[in-house]
Structures are given as structure tokens and as C-alpha cells.
Amino acid sequence: MSQGTVKAGPLQAGGVQLPTGHDRRTTVARLGCLAVLLVIAAIFPLVITNALYTQFAVLTVIYVGAVAAWNLFSGYTGYISLGHAVFFGVGAYTVGLLTKQWKLPGGDIFALLPLGGLVAALVAIPLGLVALRVRRHTFVVITIAFFFIFQLLAFNLNFTGGNQGVSSPFFLWSAANYNNPFYYVGLIIAVLTITLSWLIRNSRFGLQMLAIRDDEDRARGLGVRTMGVKLTAFVISGGITGMIGGLWWFFIGQALPETAFNPLFDVTVALMAFLGGFGTLVGPVLGALILEPLQQWIQITYTNGYTSEIVLGVLFLAVILFLPRGIVPTGAEYVTKWRVAQARRREPATGGPAPGGSAPGGSAPPGSPPEGRTATGTGSAGTPSAGTPSTGGVR
Amino acid sequence: MSTLLRTDAVTKAFGGVQALNGATLEVEEGSIAGLIGPNGSGKTTLFNVITGYETVDGGDVYLGDRKITDASPDKVFLAGIGRTFQLTRVFSRLTVMENMIVAAQHAEKGSARIRNPLARAGGPATRRRAMELLEFTGIVGHAGALAETLSYGQRKLLELSYVLMAQPAIVLLDEPAGGVNLTLITTIADRIRELNRQGTTFLIVEHNMDFVMGLCDRVTVLDNGATVVSGPPDEVRTDPRVLDAYLGTAEDDDDIAVS
Amino acid sequence: MGRELSEAIVDGILGGSVYALMAVGLTLIFGVLDIINIAQGILVVLGAYLSYVLSVHLHIDLFVGLLVTVPAMFIVGVTIQWAFIRPLRGRERTSMSLLASYAVAIIIEGVLYLIFGSNFYNLNASYVTSGPKIFGFYLDYIYIYGFLMALVLVVAIYYMLYRTQFGRSIRATMQDQTAARIVGINVNRVQALTFGIAVAITAAGGMVFGATGGGFNPNTGYDLISRLLAIIILGGLGSIAGAMVAAIFMITLEGVVDVLWSPSWSVVVFYGALVLVLAFRPQGLFGRKAARAQ
């Protein structure tokens with residue numbers, strides 16, 4: 001979050017000075033890391049050809065995309081949805097039923113994904129209109145209720161195949177690299193979703209969502225169309241999740257009511273987001289990259305499904321209890337502390353960057369501590385009020 | 001001078017508690033008006049009623065010639081009334097600049113209905129104006145800092161700043177001097193005067209008598225939800241009814257729990 | 001048809017009373033701790049399993065066995081709250097407690113699977129499968145006993161809330177935690193004990209549920225918690241009266257639809273009712289209408 005702010009550079013617009021040297025260095029470093037990651041992701045299945053690992057990889061990119069989509073709504077607006085499995089399942093079933101209906105040959109299948117996403121997005125509209133009018137606690141529960149309704153509908157309606165679900169035909173590419181097309185499609189969806197997340201984060205739309213998260217009523221009082229903003233985010237998030245559900249169906253080959261509408265889906269996604277850092281851009285992705293392979297590994301190692309469930313639950317608890325804020329914010333805090341220590345070590349006497357704040361009657365004396373002026377903006381930066389009597393005032 | 005804001009015998013009850021019982025108030029355009037009264041007299045409730053956070057049981061609220069009784073908060077805001085809160089409300093996890101941009105949402109509405117939703121938040125004009133306002137209130141140095149890192153006094157200034165972003169015709173300040181040190185109080189008073197000189201009308205709820213008397217053109221006193229007296233500070237200060245309201249008799253000691 | 005209908009209604013009211021008991025616990029937890037305890041469903045099932053063990057292996061009568069299971073579950077509840085809920089802090093406390101309780105639920109479910117497997121169990125006793133004939137249809141005694149027990153426990157809860165010092169502390173904490181602390185109430189203790197009490201009454205509910213629910217296994221927890229959640233939302237979060245009314249209403253509605261239409265659709269109607277109510281009354285039946293802003 002703070003990273004996004006630095007990039008957008010409101011300070012540059014305002015003319016307040018920053019240590020620009022370190023800022024540029026950070027941006028370059030970040031872009032470099034990103035490039036490296038993308039390259040690794042792109043060549044991964046070509047290098048690691050073990051089918052088991054590429055299967056892990058497919059499921060991982062699926063979850064990365066799902067978490068990014070979930071975070072786009074829940075992370076930014078603060079409304080925790082535990083019913084996104086609805087969109088996942090709707091997407092899966094849509095794609096599955098259409099494939100059966102139109103009897104599509106192997107290679108064209110991925111073209112159906114946007115349709116799955118579209119249907120899921122359309123479903124999100126009425127659901128959102130009802131669910132987004134209630135307060136946050138109730139919202140969580142009503143999303144759970146929606147989930148159960150849809151799962152039950154999948155069981156009971158005829159055209160969804162009831163208990164049998166919908167199975168997919170065999171696809172026409174070689175068994176050797178069977179997983180690869182799924183992987184790449186999943187990767188593309190994930191990267192696009194993350195990019196969209198980033199764009200939204202720095203945009204007007206995103207700012208409104210974040211304001212809603214902090215103080216919805218105040219935001220509404222300032223003219224933000226809260227219902228419209230929430231609903232739009234909900235629909236976009238649901239649509240992408242639907243596409244991912246469709247991809248999942250193609251990969252797994254079968255949609256059953258209890259697998260397409262999986263009660264563990266949302267909890268897993270939420271956990272990934274919290275592990276990485278709820279509401280941040282990178283955090284949820286990180287969480288997915290860590291947890292999904294881990295989850296797969298646990299399921300393989302503890303072949304007794306029940307034991308794996310226990311291990312998962314214990315893992316969940318451990319994350320929640322010991323890393324409550326998630327990896328990214330905690331990590332950012334350590335980085336800031338380290339930077340501050342470095343800066344202090346380097347410039348003990350001067351006041352660091354030039355003071356901002358032209359309060360009439362005097363500018364800030366040069367003794368102000370550097371951490372009050374840097375734009376990293378994490379909570380640990382401390383109150384910048386020391387030494388500026390005309391603006392801050394001592395509490 | 002015309003009347004910009006007017007409430008007319010407003011009544012409001014919460015369960016068994018009559019918070020407002022004939023609250024009448026007039027604010028002239030271009031003036032700085034004060035609203036005082038002992039604890040529980042209904043000042044914040046009246047603010048809530050004016051700005052749409054509460055509905056009335058009876059009476060009306062007028063902005064200029066328009067009746068705005070029971071209008072929702074966003075409509076009131078769009079009509080040109082800005083407001084700060086007793087417990088300062090800022091968007092803590094947004095930066096100071098982002099707080100300002102959020103408040104400029106409606107001001108940015110151009111004639112084009114379809115605007116790029118992914119456009120960067122806050123166009124150059126908005127940012128410029130935000131920086132101006134932040135310089136004016138003196139917290140521009142923290143433009144990139146998260147609002148939650150600000151001190152209490154700085155948050156008050158931020159709230160004032162972003163309320164001003166929409167260029168409201170009248171600003172309602174709920175205890176702007178509450179809990180801040182003397183230097184800051186002076187700064188705030190100066191800012192209010194300066195803004196008033198530039199044309200903004202103010203209605204201020206305050207307990208700090210020096211602040212109110214020194215700043216306001218006209219003061220209205222509320223007691224038990226009803227207007228007791230209204231007039232220039234010197235008159236109000238020495239009016240026996242006002243002293244009575246504040247010191248009160250034993251029966252008057254029910255503090256209405258008004259948020 | 002008329003007879004089936006009246007049977008469904010009576011069953012619904014009696015069965016709903018047990019759900020009411022469990023829902024009251026859940027809504028109490030919400031009111032006092034401001035969290036949604038997702039583990040409530042699996043804890044009901046745990047209570048049922050405990051009753052099973054006592055009944056089948058130790059040959060203790062189901063109701064007598066409650067003297068053991070209820071205190072045991074009370075301890076379980078206090079432990080869960082103290083170990084996993086209380087340490088949570090921060091802005092997202094509510095969501096995290098939700099996830100934490102979900103995690104606890106998953107763990108308990110896994111453990112129960114390991115111990116008991118996935119077979120369906122039933123609680124049995126002479127009065128479970130026999131009963132008087134009323135209005136022309138048979139009614140198992142267990143329903144009547146369950147209803148009476150629920151009645152007694154609900155009255156006990158009301159008594160506690162409104163006539164005891166502790167109950168006053170609970171109500172104060174429900175209204176305003178900070179104010180409660182200021183007047184010297186040990187909010188931590190109140191929260192832990194409330195959680196324990198809520199879980200303890202699920203043991204009681206669990207026993208009746210185990211006898212009348214038509215078979216339970218660890219997976220039943222999901223179904224239960226989703227129903228209980230729907231019930232307390234419909235009734236209004238934090239409202240005890242609301243939980244009771246909603247429970248009886250929804251279970252009866254489901255039973256009636258079951259008879260009039262079909263079993264598969266009755267469940268959809270159950271949740272559909274929730275959505276419908278919320279569409280028109282977002283705060284639930286007895287919930288406080290959120291003030292316009294603030």
C-alpha cells in the first residue's frame with residue numbers, strides 16, 4: 001500500500017522534497033524483481049517437467065489468480081466475502097455445461113472461459129445488490145448463505161447433473177506436457193488480474209474503495225457513490241473468479257457440487273490473503289505462492305484426508321495467531337526500521353530532507369527527525385509533529 | 001445579508017430522551033456563527049440533523065431558500081455544507097493527500113459522464129488545490145504520510161482541509177478547538193478568519209468560550225434542546241438566561257447522551 | 001395432507017426449539033465478543049458424539065449424560081476462546097476471529113473423523129423411538145423432552161441475564177465494552193465465560209440433535225453452522241429473542257415446505273428466506289436499525 005503511494009508520487013506533484021535517490025533505487029529494484037519473477041514463471045514448466053510439480057504449478061496459478069481477484073474486492077473494500085466459491089462454481093459449471101452442449105474439440109476450449117466469467121459476473125449483480133446493503137458482519141454470513149444455496153442448487157437441479165456433476169471430455173494435446181496449456185492460461189489470467197489490481201489501486205476507483213474500507217459513512221458523506229463502487233468491484237471480482245473456475249473445470253475434468261462449490265475454497269483464499277497481508281497488493285499473491293504448494297504437498301504427504309485437514313487447520317491457526325498482519329506489512333515495517341537506522345547512522349546532526357509545511361509565521365526548524373518526513377508511510381513512522389509548533393502541536 | 005442556513009423549531013427524540021425541543025438557529029451568509037450550550041444540550045444532534053445524519057421529528061432545515069430537512073448526508077454535502085466531527089474522522093490508512101482527493105470526488109465531476117475509472121486518482125488541478133489547502137493549514141509536509149501517523153491536532157487540521165476541498169458555502173465545525181494546545185487553537189482561529197474573509201460561512205460548536213466569543217459574529221445558546229438566546233457575543237455572554245443554562249438548577253442536571 | 005401439515009408444524013416448533021437453544025448461544029457470543037463463532041456447528045456435533053460415547057459405552061442415559069457433557073463443553077468453550085480468540089488484536093479482529101474459529105472447526109472435524117470415521121451415528125434411547133399419539137399422529141418423547149429442556153435452559157439464560165450480577169455484566173459488555181471496563185467489569189472474564197456458556201448449551205442441543213437429526217457425522221457441522229448463522233442473522237445479530245423466533249420460524253417453514261413441496265427444495269427455501277428478509281430489512285427481524293451514519 002505504501003509502495004503504491006510512493007509510485008504515484010503525490011509528493012512530486014506538490015514539490016515537497018524527498019530523498020529521490022533512494023526512491024528511484026527502490027523502484028528499479030522492484031521492477032527488476034518483477035521481471036525476474038515473470039521470467040521464472042514463464043519458463044517454469046519448460047524446465048521442471050515432472051508432471052506432479054507442474055500440476056502443483058497449475059493449481060498454484062489458479063489460486064494466485066483467485067486470491068488476486070478476491071483481494072480486488074475484499075481487500076480493498078474491507079468486506080470479507082466467504083462466498084466467492086459461488087462464482088468459482090458458477091464459472092466451472094457454465095463452462096462445463098457449454099462444453100457438453102456444444103461438444104467442442106480440445107483446442108478451442110479456452111475460448112469459453114470469458115463466457116464463464118461473464119455468467120459469474122451477471123450472477124454477482126443481484127447477489128451484490130442484496131449483500132452489499134448490510135453491515136460487514138452480516139455481509140460475511142450472507143455470502144456464506146449464498147454459497148450454501150448455490151451448492152444445494154447444484155445438487156438438486158437437473159441440468160447441473162446432480163450428484164454426478166459435469167465431466168469434461170479428453171483434450172487433444174499430448175499427455176507429456178498435458179499440464180502446460182492450463183498453466184499458461186492460468187498464469188496469464190493471474191498476471192492480468194494482478195495488473196488490474198495495481199491499476200485500480202492507484203486509480204480514483206481504487207481510492208474510493210479504500211476510503212470505503214476506512215470509513216464508509218464518511219466516504220458517502222463526501223459524495224462517494226458507495227453502493228456503485230462496491231458493486232462494481234464485486235462484479236469484477238466475481239467475474240474473474242468465474243473464469244478461473246472455468247479453467248479449473250477444464251483442468252480437473254469434473255465439476256461436482258461439493259468440489260466446484262467447495263467450502264474450503266474461500267477460507268483458503270482468505271487465509272492466503274491474510275498470510276501475505278490483507279489489503280496489500282503483493283501480499284495475497286505471496287500468500288498463495290506459499291500456501292498452495294504447501295497445501296498440495298500436505299495432501300500428498302498425509303494421504304489420510306482427515307489428517308491433512310487437521311494439519312491445514314493448525315496451519316491456519318498458526319498464521320492467524322502469529323502473523324496477524326501478514327508477511328508484507330510486517331516485512332515492510334522491518335525494512336523501514338532498518339532504513340531509518342541507516343539514515344540516522346549516516347546523518348546524525350542534520351535534519352534530513354528539507355522541511356515541508358510552510359506554516360505562516362515560520363517554517364519548521366531543521367531539527368525535525370527524518371522519519372517524520374519520509375514517505376514510506378508505514379504505521380511505525382511515528383508522529384511527525386516533533387519540532388513543528390505551528391502545525392502539529394504536541395498532543 | 002441573507003440567511004444562508006436556518007433551522008426552524010427542530011425537534012428530535014431518541015427513545016425517551018428529547019434531544020432537540022424547538023431548536024431554532026439562523027446563520028447569515030458570510031458570518032461566523034457560534035453554537036454553545038451545556039453538555040447534553042443537543043448541539044451535536046442539531047449538527048447531525050442539519051447534515052443529514054439524523055432525521056427530524058418536527059421542524060425544518062433550510063439552506064438558502066431550499067428546504068433540506070431529512071436530506072441524506074451526501075445530498076447535504078453536495079448542496080454545499082461541509083462538516084467536521086467531534087471525534088475527528090479521517091481515512092487513517094490513506095495518505096494525507098489521498099484524504100484530500102477523496103473529498104474532491106464530486107468537485108471533479110466534469111460534464112462527461114463516462115470517465116476513465118482507472119485514471120490516476122486526483123487530477124493535477126485537484127492536487128494543486130489540495131497542496132494549497134494543506135499549505136494553508138500547515139500540514140503540507142505530511143502530504144505523503146498515512147493519516148494514522150498524524151497527531152491529534154494534525155488530524156483536526158486535515159479534516160478541516162479536506163472539508164474545504166469541495167469549496168462548501170458553509171462549514172460546520174464540531175468542537176474544532178477540542179483537545180488541542182493553545183498555539184494550535186490560535187492557528188485554527190486564524191485560518192477560520194481568513195477563510196471567512198474569502199467568503200466561507202461558518203457555524204461552530206465549541207465549549208471553549210474564549211474561542212467562540214473571540215471569533216463569532218453571532219452566538220446561539222442551546223439548553224435542553226431549545227434555543228435560549230441568540231445574539232452578538234457580548235450580549236450573550238452577560239445574559240442571565242445563559243448563566244442559568246450553564247449553572248442550572250438541580251432538576252436540569254440530566255445529561256442527555258447525545259453522540 | 002392436513003394431518004401431515006399439522007405434524008410438520010408441531011415438529012417444526014419442537015425441533016426449532018432446540019435450534020433456538022443453539023442459536024441463542026451463537027448470538028450471545030456475537031453480542032458479547034463481537035465475533036461469529038463458526039465452530040458452533042461442529043461443537044454441536046462434538047456434543048452429540050460425547051453423548052454417544054456416554055450412552056453406548058458407559059450406558060448412561062442421554063439426559064443424565066448431560067451432567068457430564070455440559071460442563072465438559074463449557075471447559076472446551078472457555079479454552080477455545082482463551083487460546084485462539086482472545087489473543088487476536090488489530091483492525092481486522094472480527095474477520096480473523098472468524099477465520100480462527102473456522103480453523104478450530106476444521107481441526108475438530110478432522111479429529112472426529114479420525115476417531116469415529118464418516119459413518120452416521122444416532123443417539124438412541126427408549127424415548128427416542130416411542131411416543132404418545134397426539135392429534136392423530138405420533139410424536140416421539142424425545143421431541144417433547146427436548147422442547148422442555150430448551151424451555152428450561154432459555155428461561156435459565158434469561159434469569160441469568162436479567163437477575164444476576166454476572167448477567168448484568170454480560171448485558172453491559174454487549175452494549176459498550178469500553179464503558180463496561182470503565183465501571184470495573186472484567187470484560188475478558190465475561191467474554192470467556194459467555195463463550196463457555198454458549199458452547200455448553202450446544203452440548204445440550206447437540207444431544208437432542210443427535211437423537212432427532214436423522215444421523216450425524218463430522219460433516220454435519222457445516223450444515224448446522226450455516227443454518228445457525230442464517231437463523232441469527234434473520235433474527236438480528238445479538239438479539240436473543242430474535243434468535244429464538246427466527247429458529248422456530250425457519251425450522252417450521254422448512255418442515256412445512258418439506259411436506260408441501262419436496263425435501264430438496266425445503267433447504268433452498270430456508271436460505272432463500274434469509275436472503276428475502278435481508279433484502280427488505282438488512283438488520284434482521286429484531287436487529288437494531290443502524291443509525292443513518294456514524
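In chain B, strand β1 (residues 3-14) and strand β4 (residues 58-63) pair in the antiparallel sense over five bridges, where pairing requires that DSSP finds at least two bridges between two strands. This is a predicted model, in which local features need pLDDT of at least 70, side-chain atom pairs count only at pLDDT 80 or more, and totals for chains, interfaces and linings use all residues. Residues are numbered from 1 along each chain as its sequence is written, with chains lettered from A in the order in which they are written.

**Sheet of chain B**
- Four strands form an open antiparallel sheet in the order β2-β1-β4-β5 (chain B), and its edge strands, β2 (17-28) and β5 (66-67) of chain B, each pair on one side only.
- B:R6 stands opposite B:Y62 in β4(B).

**Contact between chains A and C**
- The contact takes 38 residues from chain A and 43 residues from chain C, counting residues whose C-beta atoms, placed from the backbone, lie within 7 Å.
- On the side of chain A that touches chain C, the largest share, twelve residues, comes from α7(A), helices being DSSP runs (H or I) of at least four residues and strands runs (E) of at least two, numbered from the N terminus.

**Helix α11 of chain C**
- In α11(C), the buried residues include C:V267, C:F270 and C:L274; buried means that 20 or more other C-beta atoms, placed from the backbone, lie within 10 Å of a residue's own.
- What covers the buried residues of α11(C) includes α6 (113-131) and α7 of chain A, together with α9 (220-235) and α10 (240-260) of chain C.

Key:
Contact = placed C-beta atoms within 7 Å. Buried ≥ 20, exposed ≤ 12 C-beta atoms within 10 Å, placed from the backbone.
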